Structure formats: structure tokens, C-alpha cells
Amino acid sequence: MRIYVCVKQVPDTSGKVAVNPDGTLNRASMATIINPDDLSAMEQALRIKDATGCQVTAVTMGPPPAEGMLRELIAMGADDAVLISAREFGGSDTFATSQIIAAGISKLGISKEDIIFCGRQAIDGDTAQVGPQIAEKLDVPQVTYAADIKKDGDKLTVKRMLEDGYMTIEVQTPCLITCIKDRDLKPRYMTLGGIMECYAKPMTVLDYNALKDEPLIEPDTIGLKGSPTNIFKSFTPPQKGQGVMLSGTDKEMVEDLTGRLKNKHLI
Amino acid sequence: MDFALTREQEMLKKLAQQFAETELEPMAEEIDQTHTFPVENFKKMAAVGLTGIGIPKEYGGSGGGCLEKVIAVSEFAKKCMSSAATLSIHLIAPHAILKHGTEEQKKKYLPRLTSGGELGAFALTEPNAGSDAAGVKTTAIFDPATNEYVLNGTKCFITGGGRAGVLVIFALTDPGKGTKGISALIVEKGMPGFSIGKIESKMGIAGSETAELVFEDCRVPAENLLGKENKGFRIAMEALDGARIGVGAQAVGVAEGAIDLAVKYAGERVQFGKPIGALQGIQWYIAEMATKTAAARALVERAAWMQDSGQPYTLYSAMCKLNASENARFVTNLAMQIHGGYGFMKDYPLERMYRDAKITEIYEGTSEIHKVVIAREVMKK
């Protein structure tokens, strides 16, 4: 049994966010982190590994320096990693990206009990599209917004977190799960022992030549050409004004609030 | 010459930073004010392998060496000196056992002190044997009838001594022979005749526990002799050479942490219509603090590199500790000066760091003893 965990290196938005004159993110000048939802996915996978001893493989598509992130995930507990990297894959939108990652996973093979974990969405694009699209392209069932996952043979019981509550459903493997951050799901630290050995663990690099014969890979399904998304404009929205905290008794605050709303002709 | 950290060391630095920010910093003020040793934090350090730095994997350790210790300890000290001191001093016992222990001793004790999450302690100091370590009065008389050493005496100022599961104790096996009659013994918590005396109330590193250890006819099996009989003084001195690099790392870390706070405060605090960081007087303070601390780090890392590469390092470990500890006091003092009245208040971490920094000039050998060691090493050439 093997769990693939799809991860993405994203700009660290907790520090300074640098924006190019055209409104796009200036990735080169920002530090990178592992996408937070993807870390939750890795933690879910490692918990299943703790219980079952299965193999956990970290998968990413990105430029060669993304190896550093994969090594960190191995230092956390993943067994090996796959780096999908080629100039031909550059400029891919979510559609082309999921096409390429699906091809990579398909090449490595999916057996009956295997699971693919993804983070719900990446903090740079916030599309939440890549995970579900990989599932579609691999023709496996998908469960999104997973907060808790229990495995029993070839069945998973997944607790989905929705806006107004939880939904618990069962799904058959092989399947794809997108994971969310949850209070009870603190991603584990790397360990020093893991760090000392992480560069000795296997990392497979899948380039264009390795994947070009996969049915999902065609020149017009990858890279810029294979990307139907067109961004017309990207801009930084004006900052909201500072809020006002009202104080006093409930009655006073309600009167204050309604007075303010009336003054603005909102009510 | 290459000053760059390896990619694994960079990763360790990141781990130690994350750990310090998430686990240590939020508790630093509380454990200082309540004088509490955070047991859970030590267990968490063990879970990520930091209590086994420098110990091979086969004994439950994580690998790495002295430079890895410097990286972890200095990152901890930026946020919580008590935790940095606890880790740094804990590591002395497993390292002494690794270097001088028999295979049986290593197999028995090292997994407990590394992945097992038990605290280690190193007990040399006595009420009348501080800088003059040869003044040890504790005795360990061999009883051939039972094949045991019988320990009697008192050790004081032992970091972690009250909590440690495994301790390396120095005692006279041949009283009257001075340093040539001292042996090292591995003692376990709970051995009959071994009790914990006074827990000290300290000016700084209050979240690391410092205890008095009392031995009254405490019988230690002969197999717990560490190294050869009457050769313990050398083991102690060697262990202190390594420990001093750990103190150097603590001192560098607390100084770097103080600089971070001072720079931040200087950018935020507005007086005379501008941030005080725009005043040249403050800038000069920051410049001096940063320069001296960078130099202190370089010397600490050099000493660690010498130990890791198998070179004699007594001189450099003493120099790096002397220099870094004096710098830690200098830097925390100026950082507090930059903070003004706010720095003096317990609401800010500066006053704690100022108190914590002081110990680095005293423990694992005072600055004065370090000068003796340094002069002896330099002048014998």
C-alpha cells in the first residue's frame, strides 16, 4: 500500500508580500514554504503510515530547487519523493498541472489500496482545483475538505468539514482525498534523525521524456499551450478601513450601531 | 575554507527555529517566573531527536556532532535560555558515556538518554569544589564483598540533577591521591542512598532545575564505573571542553535573540518624532552588538568544527566560551538600554535575557578559570 501526497512550494505570505507592477506575485523575491494544507495532507498520510506501516511518497511538480521541500517531507517521515520537473511543463495552469501530476502518478502505478492525498488548496492561487482534477484524470473517486480520515482495509471513513457542519462518508480505495487544516491536525516536526538521512532516501525525477508516452501527456495538454486559463487582470484590492469596536450595554451598543447605520442611510 | 552550513544543518536550523518559536517561546516567561522545569518540552525535544544529537543511531541517537549541537542550542537560546541550557547540559552525560563507556553501558544507557526522553546530568561540582575541581570530597569506596562502589558525599548546583534518570558522578575512589584518585560512575535515579537535596532558587535560567544531590551509602555496581578507575578527572575535563562549546552556543543565541528584539524595538519606538533606530547613538549600539556577536558565533562554530574534525580543541572551546559569554552580557545590557524603562519591566523578555545571560560567565567554568586554561594552552606552545 502506498500513499501519494501531492505538495506545492508556495511563497510565504506571512512575511512581506511582493507584487510585480502587473499585479502578479513576485515569487522570486519571496521566501518559500510548504503549502499549509499540503502539510495537513502529509500529516494525515503519516498517521496512516504510523498505524499500517505503508509507504508514503511526496510528489510535487516544480523547478529543481523544489527538491529541498521534498527532502524536508522525507525528514518528517515520508519514505521517498517524486519531483516532476521539465521546461515543457512550465506555465501550466491548474488544468495542465493536474494532467501532468496524474500522468506521473499513473506512471508510478496505483494499486487497489493506494490513496492520493492533496491539500485542499494552495495559498498562492487558492483555486482548490488541482486535487479534484487529478482524481478526474485518474478516474478515481474523490473526497474533498477532509478533516479526519480512518482506514479500514480498502475503505476510508472521511470526516468532511463543511461550512455548516461535518459530513462523514465512506469511500473505496484507490481514491483521492483533499485535506484541510484542522485544530487536531498539527503537522509533525522534522526529526533530526530524519534530517540526517533525508538526502540518502530515494527521489525519482520525472522529466518530459519520462512522461511523454503517458496517454495524458500531449504537447497541447501541458505547459502554457495546454492551459485554458487566461488571466486578464490581477490587482491588489484596496485595504478595508479599520473596524470600530462598540462598547457599553447591549442596548447602548445596538442604539449606537443603528444610529451609525442610519447616518449612512443604510437602514 | 567554507563557512556554509550543510543542507542538513540548514534544515536542522529550521527545525530548531520552528520548535523554539512554537514550543519554547510561549512558555519562556511562565517557567522563568514560576521556576518550573517544563518536563513536557524535554519530551518533545526527545521526540524530534534533539536530545540525541551527536549520538549514533544504533544507540537511539540522531547522529550529527558538535556543530549540530551549536545550531540547536543557539536557536533555543534566542527564545528561551532555560531550555537551551537544559538541552546543552543534558548532552554532556550521553557524550561522556559514548566516549568512555563499555558497549554494555552504551547499550543500556544511551537509548534512555536519547530517544527514551530521560534527562541526563553531570555531577562534578561540590560545595568546596567549584573552580578547583580537584577539591572533590565525595567518596566511592570499592567493596570487594559485593563488587560495588559505596558513594558518600554531596554534589551541588547540578543542572537537571533532580530530574535526571541517568547521572555521571565524579567521586574519589582513592582518597588522598587528589585528581589521580577521582573516578566517574554512572548513577541511576532511585538507587538506594541517592536523594535529592535543595532545589536552588536562581537569578536566571530559572526554568532549568538546579539541584543538590546527596549520597549516603549509595551502592553503585562496579559495572557502572565509567572509564578506568582513578581516571575520572580526565573524563570530567574532556566533558567540560565539549560542554563549554555548548555554553558558547547558549551565549551566542541569547545575544542574537536580544539583538532581534532591540532592532525591532528601535524601529517601533518613536521619540523626538522619529523611531529611535534613526538616532546614531542607537545605531552604534546595534552595530557593536551585531559585530561582536557575529565574531562570537564564528569562534564558537570554529571550536565545534575542531571537535567534529578530531583536532585538539581545549584552547578554542575555552576561548569561544569566554568570549561569547562576556559578549552575551554586553549585548543583553545594551539591548535593555535600547528598550529603556520598558526593558526593565517583566512585561518584556529583555530583563529575563539579561539575567539568563549572566550564568554563561559562571557555569562550566568561570571566565577566570577559562583564562587560566587559555593562558596555559597558549603559553605551552
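Colleague: What is the mean pLDDT of chain B, and what percentage of its residues reach 70 or more?

Modeller: pLDDT is the predictor's confidence in each residue, from 0 to 100. For chain B the mean is 96, and 100% of the residues reach 70 or more. The complex as a whole receives from the predictor an ipTM of 0.91 and a pTM of 0.91. This is a predicted model, in which local features need pLDDT of at least 70, side-chain atom pairs count only at pLDDT 80 or more, and totals for chains, interfaces and linings use all residues. Residues are numbered from 1 along each chain as its sequence is written, while chains are lettered from A and ligands numbered from 1 in the order in which they are written.

Colleague: How many helices and strands are there in chain A?

Modeller: Helices (H or I, at least four residues) and strands (E, at least two) are DSSP runs, numbered from the N terminus. Chain A has seven helices and eleven strands.

Colleague: How many residues does helix H1 of chain A have, and what distance does it reach?

Modeller: The expected span of a helix is 1.5 Å times one less than its number of residues. Helix H1 (residues 36-52) of chain A has 17 residues and reaches 25 Å from its first C-alpha to its last, close to the expected 24 Å. Just after H1(A) comes Gly53(A), with a positive phi of about 75 degrees.

Colleague: Why is strand S6 of chain A largely enclosed?

Modeller: A residue is buried if 20 or more other C-beta atoms lie within 10 Å of its own, exposed if 12 or fewer, and partly exposed in between, with C-beta atoms placed from the backbone. In S6 (residues 115-119), five of the five residues are buried, so the strand is largely enclosed by the rest of the structure. Ile115(A), Phe117(A) and Gly119(A) lie on one side, Ile116(A) and Cys118(A) on the other.

Colleague: Which strands pair with S6(A)?

Modeller: Two strands pair if DSSP finds at least two bridges between them. Strand S1 (residues 2-6) of chain A pairs with S6(A) in the parallel sense over four bridges, and Ile115(A) is the bridge partner of Ile3(A). S10 (residues 175-179) of chain A also pairs with S6(A) in the parallel sense, over five bridges; there Cys118(A) stands opposite Thr178(A).

Colleague: How many residues of chain A are in contact with chain B?

Modeller: Two residues are in contact if their C-beta atoms, placed from the backbone, lie within 7 Å. Ten residues of chain A are in contact with 15 of chain B. H5(A) gives the most to that side of chain A, with four residues.
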